[in-house]
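Got the viewer open and a cartoon on screen? Let's walk through this one together, one selection at a time.

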Amino acid sequence: MVLAAGRGERMRPLTDQTPKPLLTVHGKPLMQWHMEALAKSGHHDQLINTAWLGDQIESQFGLNPDLPTVGHIRLRYSHEGKDFGYALETAGGIVRALPFLAPIFWVVAGDIYAPGFDFSNQAVQDFQSSDQLAHIWLVPNPPHNLGGDFGLSAEGLALNLPKPASLLTFSTFAMYKKEFFDPQFTAMPVGNPQGKAAPLAPLLRSAMDRGLVSASLYKGPWTDVGTPERLMDLNQSSATP
């Protein structure tokens, strides 16, 4: 699942006419970097949630786009804007899409640039055989999030620690088991028919407190493309494969 429903307020005025995940880095829409990387690992069935200017995203990719180096992928859309008139935030959007997702599924935000990230099948197998309900990737703290988000134990568990503990930043790259979004944890029926908007962080923190979230540290190039300045800096830097 590629998250693409946000308004991109900090990216205005660029996002007044274009959804943030369609802004280009090195000639390619931001979200397409993830879509191609997923397909390279064999994940050709992908779901995109939309809200702000969501029609543009479907117009750009359609249902069966032929992407460079990876060929055709199969897309499904969860049009939160059409269904409810607003974005459902990360947890609400995932629960809305849950009936169409696999028992274990990847999630990444469409406005993150990390061209070297590997959607590893070995990571999926390791996660599948574990007792954890989520596995997230943390990154060294960027200048705009120096306080970080979550801790990382020596045993590879994500930790819900109070600041100013030694914390790392959540990259948005994650794997989840459907059980993570069970109604007993989310207070939302599967499919989120009421269109409840709900953030992800409280669910992650609660699961961390139960020891159910593992984590890895990702040290490759990673950018939260949250401002026009960051987008410009990326496009002025050398492209990475």
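Predicted model: local features only at pLDDT ≥ 70, side-chain atom pairs only at ≥ 80, totals over all residues.

Stop 1: Colour the strands and look for an open sheet of seven, ordered 7-4-1-8-13-10-14, with mixed pairing. Now pick out strand 7 and strand 14 (213–217): these are the edges, and each has a single partner strand, so one side of each has no neighbour in the sheet. If you turn the view to look along the sheet, the average angle between neighbouring strands is 25 degrees, direction ignored.

**Stop 2: inside the sheet.** Select strand 10 (residues 134–139) together with strand 13. The two run antiparallel and are joined by five bridges. Which residue of strand 13 does Ile136 face? Show Ala174 and you'll see Ile136 standing opposite this residue.

**Stop 3: the largest pocket.** The largest pocket holds about 860 Å³ of space. To centre your view, select Leu3, Thr90, Ala109, Asp111 and Thr172, the closest to the pocket's centre among the 33 residues that line it. Two or more lining residues come from each of strand 1 (2–4), helix 4 (89–97), strand 8 (104–109), strand 13 (169–177) and helix 7 (201–209). Colour the lining by class and you get 16 nonpolar, nine polar and eight charged residues.

**Stop 4: the second largest pocket.** Here the volume is about 350 Å³. Select Asp45, Gln46, Leu101, Ala102 and Phe105, which are the closest to the centre out of 17 lining residues. Strand 4 (45–50), strand 7 (74–79) and strand 8 each supply at least two residues of this lining. By class, the lining has 11 nonpolar, three polar and three charged residues.

**Stop 5: Thr15.** Finish in the loop between strand 1 and strand 2 (24–25), where Thr15 sits. Is Thr15 buried or exposed? Its relative accessible area is 0%, so Thr15 counts as buried. To see what surrounds Thr15, show Arg7, Gly8, Lys20, Leu23, Trp52 and Leu53: Thr15 touches these, leaving aside residues up to four places away in sequence.

Key
Residues numbered from 1 in each chain as written. Heavy atoms only, no water. 1 Å grid on protein atoms, 1.4 Å probe; cavity = no way out; pocket = protein on both sides within 12 Å on 5 of 7 lines; lining within 4 Å. Points joined across faces, edges and corners; volume = space filled by probe spheres on them. Helix = DSSP H or I, 4+ residues; strand = E, 2+ residues; numbered from the N terminus. Nonpolar A, V, L, I, M, F, W, Y, C, P; charged D, E, K, R; others polar. Pairing = 2+ DSSP bridges. Axes fitted to C-alpha atoms, helices over the stretch in contact; angles between N-to-C directions. Buried < 20%, exposed > 50% of the residue type's maximum accessible area, 1.4 Å probe, protein only. Contact = heavy atoms within 4.5 Å.
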